[in-house]
Amino acid sequence: MARIEAQSLRQRIADGSGFLWDRAARVRIADLIGGTSFDGRLEQLAGRSVVIATGSQLTTALALIELDGVARRLTILPPDAEASHFAALFAGADADAVIVDRDTPENAAFELPIRVACSADIVAAERLPAATFATEWVLLTSGTTGVPKMVVHALSGLTAPIARKPADAPVVWGTFYDIRRYGGLQIFLRAVLGGASLVLSSASEPIADHLDRLARHGVTHLSGTPSHWRRALMSPAIRKISPRYVRLSGEIADQAVLDSLRNAFPQASVGHAYASTEAGVAFEVNDGLAGFPASYVEQVRDGVAMKVEDGSLRIRSPRTASRYVGIDAVLTDKDGFVDTGDILELRGDRYVFAGRRGGIINIGGLKVHPEEIEAVINQHPQVRMSLVRPKASPITGSIVIADVVLKSGEPGAGDAVDVKGDILKLCRDALPRHKVPAAISFVPTLDVAATGKLARRHG
Amino acid sequence: MSVKLTIMDQMAEIAREHGKILAPLRDDLVLLDSGLDSLGFAVLVARLEDQLGIDPFTASEDALFPVTFGDFVKVYENGAH
C-alpha cells in the first residue's frame, strides 16, 4: 500500500469544539487531538487491517478518528452482524487486529492476533507521526441473506458530498441511524468535519429516551430513514425537539412523510438524500417534493453522473465505493456505473422511486412494487405507516395485503371499518386493481430492521 | 351470518369494487361464468380467510379448486367445521 501525504480524519477535524454524546458518556472531540482512547496501544495498530467491533457507537467513532491514516484498512462491523459470519468477514478483510470495548467479554468470536480495547476515557498521549496510510474504509452491505458484501471506500469519497460551509450558529447533529452503516457514517463525518456535536443513540434505547436526549442537547440537524421518522412522529416526545434541518435517506421518502415532517417542524428545512453503501451519496432534494427532477439524470452534477437502464438508477461518481473485498464480484459496469437496483418511474418532469428490483411481487404475471402501494396508503390522513406484502394465493400465485399503523395507534371500535373502506377507496382511485390490497389489517407497530429500513420478510 | 351468506356478500362486494357484473349465485353456477376473474377470486379467498379464519386452498397442498359455486361453498363449510 502506497504511503501518501493525504490528511487523515484527525487532521481534518475542524476545530474539535464539539462533543460526542451517547446515553452513558460524553467526549470532547478536541481531546482526541492530543489524547487517545486506546490506552497507549495505537502504535500496535499501525499498518494493520483492523476490524472495529465495539459495542457502542461512541467507541466506534473514537476508533475511526484515531485509526484513519494509521491502520491500513478499517472494517466497520455493524451491530447486527452475525457471529457466524465473522470468520468469513475477517478472512475477506485480511484482518489482523480487532477493536473491542473494555467490557467486551473474552470470547473466541474475535480470534485475531491483536485485540485492543477502546474506551471513552481519553488519556493524554503522544501522537504517531502524521498520516501514513490512505486507509481503506470497509463497510458491510445490508439487506442480503448470507455473508454481507464488504465494500471499500476512501475517506476522500466518503467526505466528498459534505459541503464545507461555515454554519451561522452552532450545529448539533443527531441521527436515528447507526454510524456503523453508510447513512449514519455520513452524519458522523458531517458532524466531526464541521466542528459540530453529535448525539448518538445507544443500543436498545427507547425512542422516547433518545428524543429526550436529543432535546436536552439542543439538536439542530436530525437524520433518519422514513421508517425512523414515522416511528419518531408517533412518540409524544417528538414535540420536545425543534431542529432546523431534517434529513431523510435510505428508503423512499414519499410525499406523506415529507408533508408530516413539514407540519411537525414548520421552522425546519426538510431534505431527502439518495445514497447507498455501494454508490455513495448521489444527490439531495430540498424542494419538499417526493422523487427528484428528471433533469438530474443525464447531466453531471458535483461529479455525479446518473442514468436509467432497465428501469433502474445507475450512478457513477467519485463517491462510489472502489471495489469489494473478500469476494470476486464486480461493483460497476464497464462504464463505471453502479446499478443501485432501485426502480425509477418518470411522472411528469420528476422521477419517483417505485421500489427495489428484488422486491417485486408477481400477481398472476403482473408485477407490483410494494412501495408504490404503501405510498398511496400513507396518503390517508390517519395512516402513519404501512407495509405491503405478498400473500400466497392458490389462484394468482400471490396477492398483496397491507399491514397499516394508524397515527392514533389502534382504530376506535366503530372506526376500523370506515378507515379500511377509505384506504381501499384511495387505492382503487389511484392504482390498477391488481395493486389494490386484498386485505388490510391494522397493527400497532411495524418492524424496523437495524438498518433503519422497514423489515420486509420476503424477497 | 352463515358461511354461504358471507361468501355471497363478499362476491357481490368484490364484483362492485372491480366493476364486474355478478351472475345470480345458484349452486350450479360455474365459477368461471360468475363474472369474477382470477384476480377477483384471489381477493375473495384472501378476504374469506380474514372473515372466516380459514384458507382451505393454501392449507391443503392438493385441494382442487372447485368448479361450481355450490362446490366452492362446500369447501368452506367443510373447512369451517
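Let's start with confidence in chain B. This is a predicted model. Among the elements of chain B, helix α1, residues 3-18, has the highest mean pLDDT, 94. Helix α3, residues 56-59, has the lowest, at 77. Over the whole of chain B the mean pLDDT is 89. There, 91% of the residues reach 70 or more. A word of caution: where pLDDT is low, the predicted coordinates should not be read in detail.

What about the complex? The predictor gives an ipTM of 0.84 and a pTM of 0.86.

Now the contact between the chains. How many residues does each chain bring? Chain B gives 14 residues, and chain A gives 14 residues. On the side of chain B that touches chain A, three helices each supply at least two residues: α1, α2 (38-52) and α3. Which of them gives the largest share? That is α2(B), with 9 residues. By residue type, this side of chain B divides into 8 nonpolar, 3 polar and 3 charged.

Over to chain A. It is divided into domain 1, residues 9-346, and domain 2, residues 360-442. The centres of these two domains of chain A are 33 Å apart, taken over C-alpha atoms. Their contact takes 9 residues from domain 1 and 7 residues from domain 2. Where do the domain 1 residues come from? The elements that give two or more are α7 (226-233) and α8 (255-264) of chain A. The largest share, 3 residues, comes from α7(A). The domain 1 side divides into 6 nonpolar, 1 polar and 2 charged.

Keep α8 in mind. It belongs to a right-handed β-α-β unit of chain A, made by β14(A), α8(A) and β15(A). The two strands of that unit are β14, residues 245-248, and β15, residues 269-276. How do they pair, parallel or antiparallel? They are parallel, over 4 bridges. As one example, A:Arg247 has A:Gly271 in β15(A) as its bridge partner.

Follow β15(A) onward. Here 5 bridges join it to strand β16, residues 280-285 of chain A, and these two run antiparallel. A:Ala275 has its bridge partner in β16(A), namely A:Val281. The two strands, β15(A) and β16(A), form a hairpin with 3 residues between them.

A:Leu346 has A:Tyr351 of β22(A) as its bridge partner.

Last stop: helix α9 of chain A, residues 370-377. Why call it largely enclosed by the rest of the structure? Because 8 of its 8 residues are buried. Those buried residues include A:Glu371, A:Glu372 and A:Glu374. Also among them are A:Ile373, A:Val376 and A:Ile377.

Methods: Residues are numbered from 1 along each chain as its sequence is written. Chains are lettered from A and ligands numbered from 1 in the order in which they are written. This is a predicted model: local features need pLDDT of at least 70, side-chain atom pairs count only at pLDDT 80 or more; totals for chains, interfaces and linings use all residues. Domain bounds come from an automatic or database domain assignment. Two residues are in contact if their C-beta atoms, placed from the backbone, lie within 7 Å. Ala, Val, Leu, Ile, Met, Phe, Trp, Tyr, Cys and Pro count as nonpolar, Asp, Glu, Lys and Arg as charged, and the others, Gly among them, as polar. pLDDT is the predictor's confidence in each residue, from 0 to 100. Two strands pair if DSSP finds at least two bridges between them. A residue is buried if 20 or more other C-beta atoms lie within 10 Å of its own, exposed if 12 or fewer, and partly exposed in between; C-beta atoms are placed from the backbone. A crossover is right-handed if, with the strands pointing away from the viewer, the path from the first strand over the helix to the second runs clockwise.
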